[in-house]
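User: Could you walk me through this model? I'd like the overall picture, then some helix packing and ring pairs.

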Amino acid sequence: MDIQLDPARDDLPLMANTSHILVKHYVLDLDVDFESQVIEGTIVLFLEDGNRFKKQNSSIKEACQSESNKACKFGMPEPCHIPVTNARTFSSEMEYSDFAICSKGEKDTSDKDGNHDNQEHASGISSSKYCCDTGNHGSEDFLLVLDCCDLSVLKVEEVDVAAVPGLEKFTRSPELTVVSEEFRNQIVRELVTLPANRWREQLDYYACCSQAPGCGDLLFDTDTWSLQIRKTGAQTATDFPHAIRIWYKTKPEGRSVTWTSDQSGRPCVYTVGSPINNRALFPCQEPPVAMSTWQATVRAAASFVVLMSGENSAKPTQLWEGCSSWYYYVTMPMPASTFTIAVGCWTEMKMETCSSNDLATEGPFSPSEADFRHVGVCSHTEYPCRFQNASATTQEIIPHRVFAPVCLTGACQETLLRLIPPCLSAAHSVLGTHPFSRLDVLIVPANFPSLGMARPSKDKTGHTSDSGASVIKHGLNLEKIFMQVHYLKGYFLLRFLAKRLGDETYFSFLRKFVHTFHGQLILSQDFLQMLLENIPEEKRLELSVENIYQDWLESSGIPKPLQRERRSGAECGLARQVRAEVTKWIRVNRRPRKRKRREKEEVFEKLLPDQLVLLLEHLLEQKTLSPRTLQSLQRTYHLQDQDAEVRHRWCELIVKHKFTKAYKSVERFLQEDQAMGVYLYGELMVSEDARQQQLARRCFEWTKEQMDRSSAQVVAEMLF
């Protein structure tokens, strides 16, 4: 490969040659096996070569228009039906049966829930070591490089899309009577550029093509971070097959999925925001520039629920006794890292009553002239965009489902279900149109690595080669996952800007920003530049992109604007109330054990959860707090029943002051809030108290098998 890695820097390689060829659509067909802790099946990639998408990117608006006009001339398709008798075998070593049928009256992707079945299975391995070129030059074969790790790749083959009846219309050269590479690639080129108002038809064709027979094995090789595929004689990306099928299976130790148990002790699996994103779930192009759509069929035992980051609210289709199939799709092109899946024995929570205003048609709308507002042209690549749909722009509460383990259904019913509608409404009032048509909310297992979800996603994070390969600096440094400084600085920067500009000006800008840049990749400087361009000169007050970067991103410690605000003593009423309560507690802590009779008891105010966090942080600054004071704190605010943020600060107080009577609270936190508990392990070990260190090691022994792997490795280094 043409990229040099330095393992000492803990860099994460992005190996895909996205400058030469892009994946435009993925079709996944997978089986989830909890007994072997493996997900296996096929993925079909629909590709577009570099010359094609570079021309499109030169003028998005012109490209979208030309592609719409070009694709529309083909008219509506005939029903897509591939008879079993015409199916070609994949190879001499493999039988091909129960071939795909997608015709009217049968299960296809145009159904509301879109469930379908595909029972393809592979045997045999085709692999080769070789040295070849990754670009469009030279005399060697072109190399498709995909980001891939911790996967067993069994077979790679070209897909014969020309075998799908009805797709021959997707060629501009009627004189081409012989099925050739050029003929098949022309079909794929036209398919991936169908206009947005033909999205259902496009998904149907993708599904049929994904089940078409193979027409030749492709040579492939794998290394630690990539899957490399070539076809003998295909020297450029234009010549390389534009539809390929990969047979593969995940590994139980793969770093993109976590096999664990939920809070009720039932098995589940979910994707994690680990440093390697989804490359241990399926071969893909990881760089964010590789925006793609996808559709996925997932089979699992009938007792399991399959949730995915799709646009449709999928429901299970029973295939045979004890097995169900779930189908999801996405029509908005997004980075492969946004693909998520969770499979478990969860229960769907439903409100007892439901307002008719809360309901709306799910999935991408069916466009018509009446639906479009025509208030402006979107700047993103073409897809069925909600921002151009009148009913979507006024929809405050999008359809949503809530899933939880059985043991938490009561708490969800009482609290969470009632919170989601007002939260969605508030988001709409601040930011405008919801970019997605629906939402699934899942109560994740205790070992979910919540602090590791937001990974670096900047396109050029280090040296970038001509092929598009690059590295993410410190991407594999496990300790970086638990550093919150950048999150906190980002929060306070937005808070600072809102205060400086005023809520009306700031929120008006946010709505404009979301509308302008929806569906696109955005960098921090894009946000800041547009902000400064859209505010009156008198409100800028020496603000510039350069000095914001200097104060907030490039300097360590507390940014200067926050220091000035802190010195000025500016506090909101809620913070002042907390300071008054802190004073009371310090006074209580200083009193002798035996008080005089005439001394009156302190009366403490009720505090909100955020106020409790602030209160406990102030008390953490105290050198000593007596066991009596700590016990009174616990009793006054029922700290053991508060949320994780409050209990974390409470556990810090327990550890700092060696409050042994509450060590059970620390044990509970380390088991139930494992991602946040990483910090507590460090504090327990730093104290050099034998009892606390024993507590840390005991809790780790209880939970290490269920912990997120990155978290477990960091904790193990602390303890041993």
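User: Okay, how much of the protein chain is buried?

Analyst: Buried residues make up 52% of the 720 residues in the protein chain, where buried means under 20% relative accessible area, exposed means over 50%, and partly exposed covers what lies in between (1.4 Å probe, protein chains only). This is a predicted model, in which local features need pLDDT of at least 70 and side-chain atom pairs count only at pLDDT 80 or more, while totals for chains, interfaces and linings use all residues. Residues are numbered from 1 along each chain as its sequence is written, and side-chain values use heavy atoms, with hydrogens and water left out.

User: And what about secondary structure, how many helices and strands?

Analyst: The chain comes to 21 helices and 20 strands, these being DSSP runs numbered from the N terminus, with helices as H or I of at least four residues and strands as E of at least two. Of the contacts with a separation of 6 or more, 74% are between residues 24 or more positions apart, a contact being heavy atoms within 4.5 Å.

User: Switching to packing, how do α20 and α21 sit against each other?

Analyst: The axes of helix α20 (residues 690–703) and helix α21 (residues 709–719) come within 11 Å and cross at roughly 150 degrees; axes are lines fitted to C-alpha atoms, for helices over the stretch in contact, and angles run from 0 to 180 degrees between N-to-C directions. The two helices are therefore roughly antiparallel to each other, given that angles over 145 degrees count as roughly antiparallel, under 35 as roughly parallel, 65 to 115 as roughly perpendicular and the rest as oblique.

User: Which residues meet there?

Analyst: A696, R697 and F700 in α20 meet A712, V715, A716 and L719 in α21. By class, that contact has six nonpolar, no polar and one charged residues, where Ala, Val, Leu, Ile, Met, Phe, Trp, Tyr, Cys and Pro count as nonpolar, Asp, Glu, Lys and Arg as charged, and the others, Gly among them, as polar.

User: What about α17 and α18, at what angle do they pack?

Analyst: Helix α17 (residues 644–656) and helix α18 (residues 663–672) pack at about 135 degrees, with their axes 9 Å apart, and they are therefore oblique to each other. Residues from α17 in the contact include W650 and I654, and those from α18 include V666 and F669. By class, the contact of α17 with α18 has eight nonpolar, two polar and two charged residues.

User: Now the rings, how many aromatic pairs are there?

Analyst: The structure holds 22 aromatic pairs, counted where rings of Phe, Tyr and Trp (its six-membered ring) have centres within 6.5 Å, with planes under 30 degrees apart called stacked, over 60 edge-to-face and the rest tilted. One of them is the tilted pair of W585 and Y637, at 6.0 Å centre to centre and 55 degrees between the planes. That pair links distant parts of the chain, with W585 in helix α14 (residues 573–590) and Y637 in helix α16 (residues 627–637), 52 residues apart.

User: Are W585 and Y637 buried or exposed?

Analyst: W585 counts as buried at 1% relative accessibility, and Y637 counts as buried at 6%.

User: And how is F700 paired?

Analyst: The rings of Y681 and F700 have centres 6.3 Å apart and planes at 85 degrees, so the pair is edge-to-face. Y681 lies in helix α19 (residues 674–686) and F700 in helix α20, 19 residues apart. F700 is buried, with a relative accessible area of 5%.
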